[in-house]
Amino acid sequence: MAASGRAVRSNSKTTGMNVDADIWKTKDKAPTKDRSVRLRVNPEQSNDYRVVVFGAGGVGKSSLVLRFVRGTFRDSYIPTIEDTYRQVISCNKQVCTLQITDTTGSHQFPAMQRLSISKGHAFILVYSITSRQSLEELKPIFEEIAEIKGTDIEGIPIMLVGNKCDEVNREVGTSEGAAIAKRWNCAHLETSAKTNYNVKELFQELLQLEKRRTMSLQLETKKTRSQKRKEKLRGKCSIM
Ligand SMILES: Nc1nc2c(ncn2[C@@H]2O[C@H](COP(=O)(O)OP(=O)(O)O)[C@@H](O)[C@H]2O)c(=O)[nH]1
Ligand SMILES: [Mg+2]
């Protein structure tokens with residue numbers, strides 16, 4: 001199909017009017033060919049930007065996502081299987097969907113994990129500052145991301161996040177988290193989903209790390225008709 005699509009285009013370019021005449025002759029078949037050309041969509045050109053959140057169970061992945069998407073927080077712990085949330089953002093001055101996938105934990109469902117990594121454009125790796133173990137559990141996840149993405153990893157936004165920084169029983173120092181982030185060549189931030197500390201900043205920074213597209217959480221608002229008219233009138237006025 002694809003090959004025939006290309007052939008149609010290059011023919012019409014090189015032979016011009018004669019090909020058009022041929023199309024009229026084979027009127028019934030031509031539209032089918034044409035449709036196949038238009039339906040081919042490159043997934044990389046789609047308007048979705050996929051962010052995947054990884055980390056051990058209980059570190060606050062779901063809480064961070066829910067705080068960001070809905071502005072809510074709950075004290076109870078409800079284990080997640082996999083949930084995806086969607087937000088409208090601006091990408092290269094166009095409207096785009098930010099897809100946030102909240103995963104189950106560190107190493108359950110390896111096939112799902114590999115699929116999420118292959119599809120993901122950016123990653124948030126969460127540990128709890130109250131658990132050294134949760135930071136250690138991120139190492140195999142980071143290694144798997146590095147393995148699947150290969151040399152592309154350099155351009156992939158990754159944030160290492162120390163959540164629950166409102167807690168007093170700290171096991172991981174801020175500088176320890178920062179040192180690991182430096183080793184993994186990614187950014188580091190401490191957050192609290194509970195007190196809403198650095199949550200929006202986390203997503204903002206992640207989008208800023210993406211250098212292949214220009215992305216922002218703010219949508220550029222379109223001017224209304226009356227705004228445009230007012231501006232036009234203002235431009236016409238002059239001091240007599
Ligand atoms: N103190 C504190 N508790 C939090 C924070 N974020 C999440 N929690 C609590 O940690 C538990 C696990 O949170 P959850 O988001 O379900 O963790 P997940 O398994 O990583 O998705 C819940 O009881 C939350 O209320 C935080 O920033 N500070
Ligand atoms: Mg969860």
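The structure is a predicted model: local features need pLDDT of at least 70, side-chain atom pairs count only at pLDDT 80 or more, and totals for chains, interfaces and linings use all residues. Residues are numbered from 1 along each chain as its sequence is written, while chains are lettered from A and ligands numbered from 1 in the order in which they are written.

Start at ligand 1. It has 20 residues around it. A residue is near a molecule if its C-beta atom, placed from the backbone, lies within 6 Å of it. Gly60, Lys61, Ser62, Ser63 and Lys194 come nearest. Helix 4 (residues 61-69) gives the most to this shell, with three residues. Helices (H or I, at least four residues) and strands (E, at least two) are DSSP runs, numbered from the N terminus. The shell holds three nonpolar, 10 polar and seven charged residues. Here Ala, Val, Leu, Ile, Met, Phe, Trp, Tyr, Cys and Pro count as nonpolar, Asp, Glu, Lys and Arg as charged, and the others, Gly among them, as polar.

Helix 4 also packs against helix 9 (residues 199-209), at an angle of about 90° and with the axes 9 Å apart. That makes helix 4 roughly perpendicular to helix 9. Axes are lines fitted to C-alpha atoms, for helices over the stretch in contact, and angles run from 0 to 180 degrees between N-to-C directions. Angles under 35 degrees count as roughly parallel, over 145 as roughly antiparallel, 65 to 115 as roughly perpendicular and the rest as oblique. Leu64, Arg67 and Phe68 in helix 4 meet Val199, Lys200 and Phe203 in helix 9. This contact has four nonpolar, no polar and two charged residues. Two residues are in contact if their C-beta atoms, placed from the backbone, lie within 7 Å.

Now take helix 5 (residues 110-119) and helix 7 (residues 138-149). They pack at about 55°, with axes 10 Å apart. That makes helix 5 oblique to helix 7. From helix 5, Gln113, Arg114, Ile117 and Ser118 meet Glu144, Ile145 and Ile148 of helix 7. By class, three nonpolar, two polar and two charged residues make up this contact.

Finish at Thr101, in strand 3 (residues 94-102). Is Thr101 buried or exposed? It has 20 C-beta neighbours inside 10 Å, so Thr101 counts as buried. The cut-offs are 20 or more other C-beta atoms within 10 Å for buried, 12 or fewer for exposed, and partly exposed in between, with C-beta atoms placed from the backbone. Leaving out residues up to four places away in sequence, Thr101 touches Arg50, Val52, Val53, Glu82, Thr84 and Ser116. Thr101 and Ser116 are 15 residues apart along the chain, and their C-alpha atoms are separated by 8.2 Å.
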